[in-house]
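This report goes through one protein model with its sequence and structure at hand. Please keep both in view while reading.

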Amino acid sequence: MYGGPGVKTNKDFPIPDTMKAWVLGNPGELKLTQKPVPVPKRAEVLVRIDAVAICATDLEIIDHGSPALIQGGKPFNKNFTPGHEYMGTVVALGPGVDEYKIGHRVTVEIHAGCGQCKRCREGMYTSCHNYGLNYGEVDKGHRANGFTTDGGFCEYQVNNINTLVAVPDAMSDEEATLVVTAGTAMYGLTELGGLVAGESVVVTGPGPIGLLGVAVAKALGAQPVILTGTRDNRLQIGRELGADHVINVRNENVVEAVKRLNGGKGVDYVVECSGAPNAVNEAVYMVNRGGKVCLAAFPHAETPVDVAHIVRNNIYLYGIRGEGKSATHRAEAFMSQKRFDATKIHTHTFALDDLPTAIRYAKDRVDDAIKVVVKARGVAAHRVAAE
Ligand SMILES: [Zn+2]
Ligand SMILES: [Zn+2]
C-alpha cells in the first residue's frame, strides 16, 4: 500500500507502489527500470508526471554528467533518473501541505534551494550555496530534480511546494512543460533590470530559451527585439514569436547589422543564448555604452573576452543559472494570458518508453526538432509529430 506518515491520498488518483523509471548507467546509457514511487515529506507533494520536455542540459548530463551532482559526484551508475522540464497532476500531499489539492495541474521549476543560505534568502535559489547537499550527513534539504535528485523521466516525482506553478486547464500538457524554459528567459530579463519596455534587446541564438526570450522580451514591451542565428527556419519562428528583425549571421556582419537596425546605435540589452565561441565579444560590441549583457548559454571551452572594451564602455555582464526569483510564475502569467504562443517551439511527442528515440530527435535535431516532449500516458509507442 502506497503511503507514509501524514501523507494524504485520494481514491480518484490511485498510486501504485512501483513505477517505470529511466536511470542513467554509464555515460550516454539509459535503462528502463522499476523504482518505488517516492513518498512526499514535509512541504512536498507527489506529482504524477503527465509530460516532460527534453532540454539541452539533459543531453549534457546524460553524456557528460555535469551539471548534475549526485552524492557529491558524477551521476553515472547511481540509479539516478534525469529529466527536469516536467508537468503533471498533484496526487498526494506531504504532511501539513494545504497549498495545493489533489487533482491540481502543475508545472514545476527545477530548483528548491535549501531555503536557509544567503542566496536562497535573496530569492536566488538557483545559486543555492548548498547545491547538491541533500544526502547522508550533509543533507541541507536542497533539491534540484534531474540535477541533484531524481527527475522526471519516470511516472511520479516528489516536488517541494516552492517549485510548483499552477497551470490552467486551458493550457495543454505540452505547453505547460515550456513554462520553465520561458521562465529562464524571464529570469535573464529580470536580472538585466526587468523593465525593458521601449528598450532595445538583441537575443543571440534561436534555441528554445532564445526563442522564448524573444517572446518574453516582446511581451515586456521591448522595442526593437532583434534575433540572431544561423538557421532561417528558426529565425522565422522567432519572427512569429515577436522578433521585429532577424539576422542570419552567416550572411552579414552581425554587429554592423544590429547597429543598422537600431538607428546606427548599439542596443541596451543582449541576451546571449548561443554559447558560440565569439558570442561574448559580439554581445559586448552590440550593446551601447552602459549596456547590459546576460549570458544564458555556456560554451564548452574557455572564451577570450575583450575586457578593455567592457571596462572602457561600462558594460555589465550577468551570468544566470536556471530560473530564479519566481520567474516561472511571471512567465506562466504571460502564457496563460496568451501573450505569446510557446507551443511554436514544440515539435514532437513520444511515449515515455521511447525516450532514447526522443533524445536522438532532440540531440540530432531530426526533422527540425526543437522541443521534444515525452508522455507516460495517451501516446502510442511511436513518433507523433506535433501539428
Ligand atoms: Zn532545461
Ligand atoms: Zn540555499
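## An aromatic pair

Phe334 is buried, and Phe340 is buried too. Here buried means under 20% relative accessible area, exposed means over 50%, and partly exposed is in between, with a 1.4 Å probe and protein chains only. Phe334 and Phe340 form an edge-to-face aromatic pair, with 6.4 Å from centre to centre and 70° between the planes. The structure holds two aromatic pairs. Rings of Phe, Tyr and Trp (its six-membered ring) pair if their centres lie within 6.5 Å; planes under 30 degrees apart are called stacked, over 60 edge-to-face, and the rest tilted.

## Basis of the model

This is a predicted model, in which local features need pLDDT of at least 70 and side-chain atom pairs count only at pLDDT 80 or more, while totals for chains, interfaces and linings use all residues. Residues are numbered from 1 along each chain as its sequence is written, chains are lettered from A and ligands numbered from 1 in the order in which they are written, and side-chain values use heavy atoms, leaving out hydrogens and water.

## The chain as a whole

The chain has 11 helices and 18 strands. Helices (H or I, at least four residues) and strands (E, at least two) are DSSP runs, numbered from the N terminus. Along the principal axes, the C-alpha atoms fill a box of roughly 70 × 45 × 40 Å. The radius of gyration of the chain is 21 Å, which agrees with a compact globule, because a globule of 387 residues would have a value near 21 Å. This radius is taken over C-alpha atoms, and the globule rule is 2.2 Å times the number of residues to the power 0.38.

Of the 387 residues, 55% count as buried. Among contacts in the chain with a separation of 6 or more, 69% come from residues 24 or more positions apart. Contact means heavy atoms within 4.5 Å.

## The zinc ion with four cysteines

Which residues coordinate the zinc ion (ligand 2)? They are Cys114, Cys117, Cys120 and Cys128, each through SG, at 2.3 to 2.4 Å. Donors are N, O and S atoms within 2.8 Å of the metal (3.2 Å for Na, K and Ca); water is not among the atoms, so sites may look incomplete. The angles at the zinc ion (ligand 2) between its four donor atoms are 102 to 117°, so the arrangement is tetrahedral. Four donors count as tetrahedral if all angles lie between 85 and 135 degrees.

In sequence, the donor residues of this zinc ion are spaced C-x2-C-x2-C-x7-C. Cys114 counts as buried because its relative accessibility is 11%, and Cys117 counts as buried because its value is 8%. Lys118 is in helix 2 (residues 118–121). Its relative accessibility is 53%, so Lys118 counts as exposed. Lys118 and Cys128 are 10 residues apart along the chain, and their C-alpha atoms are separated by 7.9 Å.

The zinc ion (ligand 1) has Cys55 (SG), His84 (NE2) and Glu85 (OE) as its protein donors, at 2.0 to 2.3 Å. Cys55 lies in the loop between strand 3 (44–53) and helix 1 (56–64), and His84 lies in the loop between helix 1 and strand 4 (85–93); the two are 29 residues apart, and the pair links distant parts of the chain. The donor spacing along the chain is C-x28-H-E.

Are Cys55 and His84 buried or exposed? Cys55 is buried, because its relative accessible area is 12%. His84 also counts as buried, because its relative accessibility is 2%.

## Charges over rings

Lys292 lies over the face of Tyr316, at 5.5 Å from the ring centre. Arg321 lies over the face of Phe147, at 5.5 Å from the ring centre. A charge sits over a ring if NZ of Lys or CZ of Arg is within 6 Å of the ring centre and within 35 degrees of the ring normal.

## Backbone details

A cis peptide bond joins Ser66 and Pro67, with omega about 5°. Pro67 is in the loop between helix 1 and strand 4. Gln71 is in the loop between helix 1 and strand 4, and its phi is near 50°, a positive value in a residue other than glycine. Gln71 is exposed, because its relative accessible area is 54%.

Another cis peptide bond joins Gln223 and Pro224, with omega about -10°. Pro224 lies in the loop between helix 5 (208–219) and strand 11 (225–229).

Key:
Four donors count as tetrahedral if all angles lie between 85 and 135 degrees; four count as square planar and six as octahedral if opposite donors are over 155 degrees apart and all others between 65 and 115; anything else is irregular.
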